[in-house]
Amino acid sequence: MNKRTRLVVLLAVLALCFVFLWPSISWYGRTAKELQQLALGSTENIKSYAELMAAEDVREIKALVAQDSSAALPEQFEWLKKDVTKQYKLMGKKAANPLTVKDVVAAYDNEAEFMSVIQSKYRDQILKAKRYYENSVKLGLDLSGGMNIIVKADLDKALESMGDSVTTDNRAEVKKEAMANAIDNLSSRIDRFGLTSPVIRQQGEDRIYIEIPGAAQADAINTLIMGKGILNFRLVDNEATNTFKAYYALHPATTFNATGDLMDASIIPEDCEVFGVYTKDEYGLDERYDWLVVKKEIALDGQHVKSAQVTNDEFTNQPEVVFNLDAEGAQIFAEFTGAHVGDNLAIVSDNKVKSNARIQTAITGGSVSLSGGFSYDEAENIRKVLQTAWLNVPLEVESQQVIGASLGDEAIHQGIMAIILGLGLILVFMLVFYKASGINAVVAQVLNLYMMFSILSAFNYTLTLSSIAGMILTIGMAVDANVLVFERIKEELRQGKTRAVAIAMGFDNAFWAILDSNITTFIAAMFLAALGTGAVQGFAVSLAIGVISSVFTALFVSRLMFDFDTDVLHAKKVSIGWGIKQ
């Protein structure tokens, strides 16, 4: 590979590393703390926040119109001018200049359309920051602070509560399903409370590992984990639903207040409540797509559900959900459905409507079938909702560790200082011992760290104290490669070789020694990463990445800098140590 090609490759690698590193730079250096907190929330919370802020902005602008319709558009809404101009253009009109608050409101057909434009502004801003976070280097609990919890699931007690439905043949499968159900429930509860980017995964057969970065109250988290979901069946008030949705379409900004309560309770009957209708989005999170008004009175409590499964309708072959009730539940349900044939019945779980089905006939016998053109995924989601009522797994917090944010800040500071100190001492040593050639080693070290952080960012790795330790070790190893090369070059110079020949032979002779030592380290790091966990794995991953980048910088970048001095600056001698006669 000639020198020009090597330069192009180096520039391409540096540019690619910058692309990988940009999300981390944007998240940690260009995103405000307030926006970071919003971006770390769940998709549902982001949507709710965007709707709330849009509603407040619409109310503010409409209040300005009522106060003085000729008032200029406030500075914080300057961004609306572009969209307002576009709206007037679509109507075949020219937007006024300057725009008044009345002109802005008049650009939209209704309040819902106006609110949607403002909502998209908030949503896009937060989701952009969220994408930066998802593609950046994460900070582990030892750096960011937070909690890690190990929860034990009592699978034996869960199986006992199911009685005769558990046999020797299906015991293992039911246990597996019970654990999946417990993890699903915890994910739903933690996500619903908007806790920051939680990690929830199964550990062994009956334990669940939960990691919650950031400040969190231990008591609140424990209550969340130990709590049970509330599932019930309620009668839908179709007339009230239609009235509410018509009102909401006209007044989306003034329907709910900041806490999510109705600003005008008279919109719906006194014996009713309004809930969102939810489905799972592509991330497996609850996403609201409609509203439903249901009776406050509970028709059937979820505790009466004993089993649920997805089957295919024998006539249409479409997926349907079949669930069974206990004797008491069967009697309650038979009487209720017999009295409300033709009405709609909603399944409400944790104040979210998960299903809305029409009662075709009185349902007796305790076996209930839900159908209505479901896709298999929709039917499976409903089955999981019903499953929370009967496959209830007792959970117990086995261990809990809280790491304060101040400790995390101190750890970050110490880690950064260790890297700077290590790099600084190496800089002094290399410059004193190898004179001008030491500059090559220092530049290679800086680029080595740059490449390491870029690769960590590209693969969304979590940075921990042990990872920083791996980086510090890599700095020493990278210098070792440079020392081998420099000593080989000095040997060639002592034999009377010219600069160009000495450099070429120095790199060639040191190549396999450097490669052998780094390959063995890389193999050890790979085994540690594969077999180790936690801190050991973090150390091993950063060490493996550092090995690759240090070999590249020591053999590729440093060689290119020597060749630049030879070919471009026309240097005849090598400043590489004391007592070297050239």
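User: What is the relative accessible area of Gly-424, and how does it count?

Analyst: Happy to start there. Burial is read on a scale: buried means under 20% relative accessible area, exposed over 50%, and partly exposed in between, with a 1.4 Å probe and protein chains only. Gly-424 has a relative accessible area of 27%, so this glycine is partly exposed. It sits in helix α14, and its C-alpha lies 9.1 Å from that of Val-442, 18 residues apart in sequence.

User: Before we go on, what kind of model is this, and which pLDDT limits apply?

Analyst: This is a predicted model, in which local features need pLDDT of at least 70 and side-chain atom pairs count only at pLDDT 80 or more, while totals for chains, interfaces and linings use all residues. Residues are numbered from 1 along each chain as its sequence is written, and side-chain values use heavy atoms, with hydrogens and water left out.

User: Then let me try a helix. Which residues of α4 are buried?

Analyst: First, the naming: helices (H or I, at least four residues) and strands (E, at least two) are DSSP runs, numbered from the N terminus. In helix α4, residues 80-90, the buried residues are Leu-80, Val-84, Gln-87 and Tyr-88. They lie on the same side of α4 because they cover an arc of only 95° around the axis; that arc is taken over the directions from the helix axis to the C-beta atoms. The face turned away from this buried side carries the exposed residues Lys-82, Lys-86, Lys-89 and Leu-90.

User: What should I look for in the backbone after α4?

Analyst: α4 is followed by Gly-92, with a positive phi near 75°. Further on, a cis peptide bond joins Asn-97 and Pro-98, with omega about 5°. Pro-98 belongs to the loop between α4 and α5 (101-106).

User: Where does Lys-435 lie, and what is its phi?

Analyst: Lys-435 is in the loop between α14 (405-434) and α15. Its phi is near 55°, a positive value in a residue other than glycine. With 28% relative accessibility, Lys-435 counts as partly exposed.

User: How do I check the span of α15?

Analyst: The expected span of a helix is 1.5 Å times one less than its number of residues. For the 22 residues of α15 (437-458) that gives 32 Å, which agrees with end C-alpha atoms 32 Å apart. Asn-460 follows α15, and its phi is positive, near 55°.

User: Now aromatic rings. How many pairs are there?

Analyst: A pair of aromatic rings is described by the distance of the centres and the angle of the planes. Rings of Phe, Tyr and Trp (its six-membered ring) pair if their centres lie within 6.5 Å; planes under 30 degrees apart count as stacked, over 60 as edge-to-face and the rest as tilted. By this rule the count is 20 aromatic pairs. Take Phe-18 and Trp-22: their ring centres are 5.8 Å apart and their planes at 40°, so the pair is tilted. The two are four residues apart in helix α1 (residues 3-30), which means a separation of about one helical turn. Phe-18, at 40% relative accessibility, counts as partly exposed, and so does Trp-22, at 30%. Elsewhere, Phe-429, Phe-433, Tyr-434, Phe-486, Phe-507 and Phe-562 form one aromatic cluster.

User: Which lysine lies over the face of Tyr-133?

Analyst: A charge sits over a ring if NZ of Lys or CZ of Arg is within 6 Å of the ring centre and within 35 degrees of the ring normal. Lys-138 lies over Tyr-133, at 5.0 Å from the ring centre. Lys-352 lies over the face of Tyr-278, also at 5.0 Å.

User: Last topic: in what order do the strands of the open sheet run?

Analyst: Strands of a sheet pair through backbone hydrogen bonds, either parallel or antiparallel. Two strands pair if DSSP finds at least two bridges between them. Here three strands form an open sheet in the order β8-β9-β12, with antiparallel pairing. β8 (305-312) and β12 (367-370) are the edge strands, each pairing on one side only. Seven bridges join β8 to β9 (residues 319-325), and Val-305 has Leu-325 as its bridge partner in β9.

User: And how many residues of β5 are buried?

Analyst: Six of the six residues of β5 (231-236) are buried. Five bridges join β5 to the antiparallel strand β10 (residues 344-349), where the bridge partner of Asn-232 is Val-348.
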